[in-house]
Every structure is written in C-alpha cells, then in structure tokens.
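Subject: Handover of a structure and notes on its contents

Dear colleague,

Please find below the structure that I am handing over to you.

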Amino acid sequence: MAAGKYDIIIEQGADLDLDIDYKDSSGNLVALATGYSAAMKIKESVGGTEIASLTSGSGITLASTSPNINIKIAYGTTANYDFEGAVYDLELTNTAADTKSRILEGRVELSREVTA
C-alpha cells in the first residue's frame with residue numbers, strides 16, 4: 001500500500017501536537033500499543049540535512065485506541081527551527097512480523113513566529 005500524503009504546518013515557537021488514526025484496509029483502527037515501533041524524520045529535502053528525528057517514546061506515542069499515533073515536538077524545539085520548506089516521512093515497524101511500512105509522507109511548512 002502506498003504511503004498516505006499529508007502536509008504539516010509547524011508553528012515556530014509553539015508545540016506541535018499531531019494526532020493520527022492508522023487504520024487497516026477494512027477501515028478498522030490498528031492497535032499499535034504493543035508489537036509496533038515508529039520513526040519519523042524531517043529533512044530540508046530528500047537526502048538533505050536532517051531537521052528532526054522522532055521515534056517511539058521520543059516524540060511519537062503509539063496506542064491501541066484513537067488516536068493510535070501521536071507526534072509531539074515541544075515549543076522550545078520549534079522555536080529554534082529555521083527552514084523554508086522541508087519533507088518528512090513516517091515509518092511503522094511491525095516487530096512481530098518483521099515488516100516496515102512507510103505510512104505517511106509530505107511537505108513541512110514552517111509558520112514563522114512574530115511574538116518571540
């Protein structure tokens with residue numbers, strides 16, 4: 001299955017708190033609390049300079065109920081971001097089946113902070 005497309009806007013100096021529901025092909029929510037791990041990278045371009053790297057337990061929380069994926073980046077981190085545009089992808093690993101899927105990808109826009 002091809003990765004879903006979703007563009008993210010990060011507000012500089014504010015928390016990013018993104019909830020995602022990951023469902024199977026029948027539309028049922030996938031229980032991700034055990035047996036799964038996730039990783040996400042934000043880069044200036046494909047193969048370019050890394051802006052952020054998140055993993056399960058470090059910026060990404062997986063659950064068995066909705067939302068089953070939560071991505072958080074603290075305001076202290078986003079305050080230091082200084083990029084025009086970027087790209088990201090989110091990968092999910094099923095540790096029991098030893099499979100990895102890219103489930104989401106897209107562009108990242110930084111909305112510049114005025115009140116610092």
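This is a predicted model: local features need pLDDT of at least 70, side-chain atom pairs count only at pLDDT 80 or more; totals for chains, interfaces and linings use all residues.

The largest nonpolar core has 28 residues. Within this core, the residues with the most contacts are Met40, Ile42, Ile60, Ile69, Ile71 and Leu90. Two or more residues each are contributed by β2 (8-11), β3 (16-20), β4 (36-43), β5 (50-56), β6 (59-62), β7 (69-73), β8 and β9. In general terms, nonpolar side chains in soluble globular proteins tend to be buried together.

Leu90 deserves a separate entry. Not counting residues up to four places away in sequence, Leu90 touches Ile20, Ala38, Ala39, Met40, Ile60, Ile69, Ile71, Ser101, Arg102, Ile103 and Leu104. Among these are Met40, Ile60, Ile69 and Ile71, which are also listed with Leu90 as having the most contacts inside the core.

Strand β8 comes next. Seven of the 10 residues of β8 are buried, so the strand is largely enclosed by the rest of the structure. β8 runs antiparallel to β4, and eight bridges join the two; here Lys41 stands opposite Asp89 of β8. β8 also pairs with β9 in the antiparallel sense, over 10 bridges, and in this pairing Val87 faces Arg107 of β9.

Thr93 is a further residue of β8. With a relative accessible area of 19%, Thr93 counts as buried, because the cut-off for that class is under 20%. Leaving out residues up to four places away in sequence, Thr93 touches Gly35, Tyr36, Ser37, Thr99 and Lys100.

The loop between β8 (85-94) and β9 (99-111) contains Ala96, and Asp98 also has its place between these strands. Ala96 has a relative accessibility of 75% and therefore counts as exposed. The hairpin of β8 and β9 has four residues between the strands. Phi of Asp98 is near 55 degrees, a positive value in a residue other than glycine.

The peptide bond from Ser66 to Pro67 is cis, with omega near -10 degrees, and Pro67 lies in the loop between β6 and β7. As background to both features, most residues other than glycine have a negative phi, and most peptide bonds are trans.

Glu84 is located in the loop between α1 (75-78) and β8. Glu84 is exposed, with a relative accessible area of 68%. Apart from neighbours within four places in sequence, Glu84 is in contact with Leu110 and Arg112. The side chains of Glu84 and Arg112 are joined by a polar contact of 3.2 Å. Glu84 and Val108 are 24 residues apart in sequence, and their C-alpha atoms are 8.8 Å apart in space.

Finally, the count of aromatic pairs comes to one. The partners are Tyr81 and Phe83, in a tilted arrangement with 5.8 Å from centre to centre and 55 degrees between the planes. Both Tyr81 and Phe83 are buried.

With kind regards

Technical notes
Residues are numbered from 1 along each chain as its sequence is written. Side-chain values use heavy atoms; hydrogens and water are left out. Rings of Phe, Tyr and Trp (its six-membered ring) pair if their centres lie within 6.5 Å; planes under 30 degrees apart count as stacked, over 60 as edge-to-face and the rest as tilted. Buried means under 20% relative accessible area, exposed over 50%, partly exposed in between (1.4 Å probe, protein chains only). A nonpolar core is a set of buried Ala, Val, Leu, Ile, Met, Phe, Trp, Tyr and Cys residues joined through side-chain atoms within 4.5 Å. Contact means heavy atoms within 4.5 Å. Two strands pair if DSSP finds at least two bridges between them. A polar contact is a pair of N or O atoms within 3.5 Å; within protein, one must be able to donate a hydrogen and the other to accept it, and residues adjacent in sequence count only if both atoms are side-chain atoms.
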